[in-house]
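Please read the points below alongside the sequence and the coordinates.

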Amino acid sequence: MLVLNNIRKNYPLGSVEVEVLKGVNLKVDTGELLSIMGQSGCGKSTLMNIMGLLDKPTSGFFSINDQEITYKDDDHLSGLRNNHIGFVFQQYFLLSKLTALENVGVPLVYRGESSGNIKKRSMEFLEKVGMAERADHKPNQLSGGQQQRVAIARALVGEPALILADEPTGALDTRVGEEIMELFKKVNKEEGITIIIITHDPGIAEQCSRYVNMKDGKILES
Amino acid sequence: MSIKADFKEAINSLWYSKQRTLLAIVGITIGIGSVIGMVSIGKIMQQEAMKQFLAMGTDRLTLSRFSQNRKDEHRILLKDTIALVRSNPEIKEAAPYILANKEPTYTGQKFERASLFGVTQSFISVNELKIEEGRFLSDLDRLSYYAVVGHGIAEFMRQKVAGESLIGQQLKIGERLFTVIGSLEHSTNQNLNVDLNYAILTHLTTQIRLDKSLEIQNMRIRVGPQTKHNDVIEQIKNYFLEKKKIQDLEIKSPEDLIKQMDKQMEMFTLLLGAIGSISLIVGGVGVMNVMLVSVTERKKEIGVRRALGARRRNIKMQFLIESTTLSMLGGIVGIVLGVAVAYFVAEHGQWEFVISKFAIMLGFGVSSAVGMFFGFYPASQAAKLDPIQALRSD
């Protein structure tokens, strides 16, 4: 479902250009649970931003579901993110003023769905991640693991084709991290959603159906 | 994203930083408050003036002349006013009057306020005055040393006479003693631009005899109820032009006075509007400042929303609605404040309190416009943010 061909990304740093991605080639099939593993600074976050349509490559070919991404129309990219991609961040990034339930509903709000429908769907997905009884809590009333569960519900609520998770267990202790990984595996298996997890932890990578190593702006063939 | 949802978000977010919200709306509140207050007070005063005016009757014309004339043939004489009434059936009464410049005293004491008039018998009916005690001056009192006093003057004198009647008391005007023959009830007539409650009325002929430089320069004329004012004004002007070669007459009808009053009111409103606008601009800059801070503080939120699918215009709308809500909150408080001020002013002046719907609509309209205008730049800044940089910021 994802095809990346010779993706390059340069950042200007003062007067020089720094090459962060030096020609990434990657194919991801529908339903995969893929891990991209690498040390910090290898360019894996930049790659995730590109795959998440938050950033555009300097050059290269990128397609989702056989559709080439063109980057011309910002609203179109927003629409693609909204409809096809779910994000899970290391720092959860829940909106602090909203309750767990409202946080889950945000992607649907931007789809223009009715508030009754949004509430119903959000609750459904909170149940799925085991957070239904905390629906009315604000993020600061939840533990890290609980916040990440809510964030996963938010990523799932729009029924995306792809979930991008950037160090999803990085801020959690090992036991809670394992629970989160179990949740990803369950979602991948039961819903058939393609999941890409970015991590520096080989322990996480080994739990995925496939993993690739990234070093120095390139994906090493494994 | 619907406006309703945006509005809920806006309230949420403004409530979250209550203190800042409160400080931001102070400027708007003062601006809107002063505009509403002043427009309302203006309207109350206008209505009050109109009420008095209508009570005075709409069938009166006011004649005035500004030049002084040495020779009798160019002066308006008492007999001319009598002849004028006879000449035209539409003219019912003419009440010429003279303001003399002498200082009256009573038992050796000056009055705090007093204006000395020379009038004729018709003055009482044309100006809708009422006798409280005694009688008014008649046409048989020509050249007499009789005086009729206004309500305020009468009150002042009553304190001195302690229970005795005012009739027969003597006022000294210049070198002459005048005998009081009557007093007037309280009057709300303001058409002469002099408070008649502090008037001392004597016969016109007496004043002219005492001071040869005095001449008739003012007159109030009562016309028939169906009379066309413009026609009769033209006729009066022609009359004096033919008989006396007088060209500098100004005759005003009630319509003219209403127009003049409206014009003054307009100036007043314009001035207050200008003052209010300045405070609104200051308030608007306050709103802009708060919104810019809010955008900077919420960069991460903007990044998250963008990642979750918010379009630039969704973000812009969110902040625009927030600034408009903020400004309108200030506007609502300002409207309440302004109306309250107008109420207290009306209460104090014993005027009838009216709520100006126009002022309230204006308050809502202007405060939302200020919010939109001054919120536009911060909202655009928010919408322009790069999602990744927004996500990375803290």
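The numbered points below go from conventions to chain A as a whole, then to one helix, the cores, the interface and single residues.

1. Conventions. This is a predicted model, in which local features need pLDDT of at least 70, side-chain atom pairs count only at pLDDT 80 or more, and totals for chains, interfaces and linings use all residues. Residues are numbered from 1 along each chain as its sequence is written, while chains are lettered from A and ligands numbered from 1 in the order in which they are written.

2. Chain A overall. Chain A has seven helices and ten strands, where helices (H or I, at least four residues) and strands (E, at least two) are DSSP runs numbered from the N terminus. A compact globule of 222 residues would have a radius of gyration near 17 Å, and the 17 Å of chain A agrees; this radius is taken over C-alpha atoms, and the globule rule is 2.2 Å times the number of residues to the power 0.38. Along the principal axes, the C-alpha atoms of chain A fill a box of roughly 50 × 40 × 35 Å.

3. Burial and contacts. Of the 222 residues of chain A, 45% count as buried. A residue is buried if 20 or more other C-beta atoms lie within 10 Å of its own, exposed if 12 or fewer, and partly exposed in between, with C-beta atoms placed from the backbone. Among contacts in chain A between residues at least 6 apart in sequence, 71% join residues at least 24 apart; a contact requires C-beta atoms, placed from the backbone, within 7 Å.

4. Helix α5 of chain A. How many of the 14 residues of α5(A) are buried? The number is eleven, so the helix is largely enclosed by the rest of the structure. Among them are A:Q147, A:R149 and A:A153. The cover over the buried residues includes β6 (85–88), α3 (100–109), α4 (115–128), β7 (162–166) and α6 (174–191) of chain A. Just after α5(A), A:E159 takes a positive phi of about 50 degrees.

5. Nonpolar cores. A nonpolar core is a set of buried Ala, Val, Leu, Ile, Met, Phe, Trp, Tyr and Cys residues joined through C-beta atoms within 7 Å. In the largest one, of 109 residues, those touching the most other members are A:A151, A:A153, A:L164, A:F184, A:I196 and B:V287. A second, separate core of 46 residues includes B:L129, B:V148, B:V223 and B:F240.

6. The A–B interface. Contacts join 19 residues of chain A to 17 residues of chain B. On the side of chain A that touches chain B, α2 (74–84) and α3 are the elements giving two or more residues, and α2(A) gives the most, with six.

7. A:L162. This residue lies in strand β7 of chain A and counts as buried, with 22 C-beta neighbours inside 10 Å. Leaving aside residues up to four places away in sequence, A:L162 touches A:H84, A:I85 and A:T194.

8. Two residues with positive phi. A:L53 and A:D66 each have a positive phi of about 65 degrees although neither is a glycine. A:L53 lies in the loop between α1 (44–51) and β4 (59–64) of chain A, and A:D66 in the loop between β4 and β5 (67–68). Are they buried or exposed? A:L53 counts as buried, with 23 C-beta neighbours inside 10 Å, whereas A:D66 is exposed, with 7 other C-beta atoms within 10 Å.

Key: Contact = placed C-beta atoms within 7 Å.
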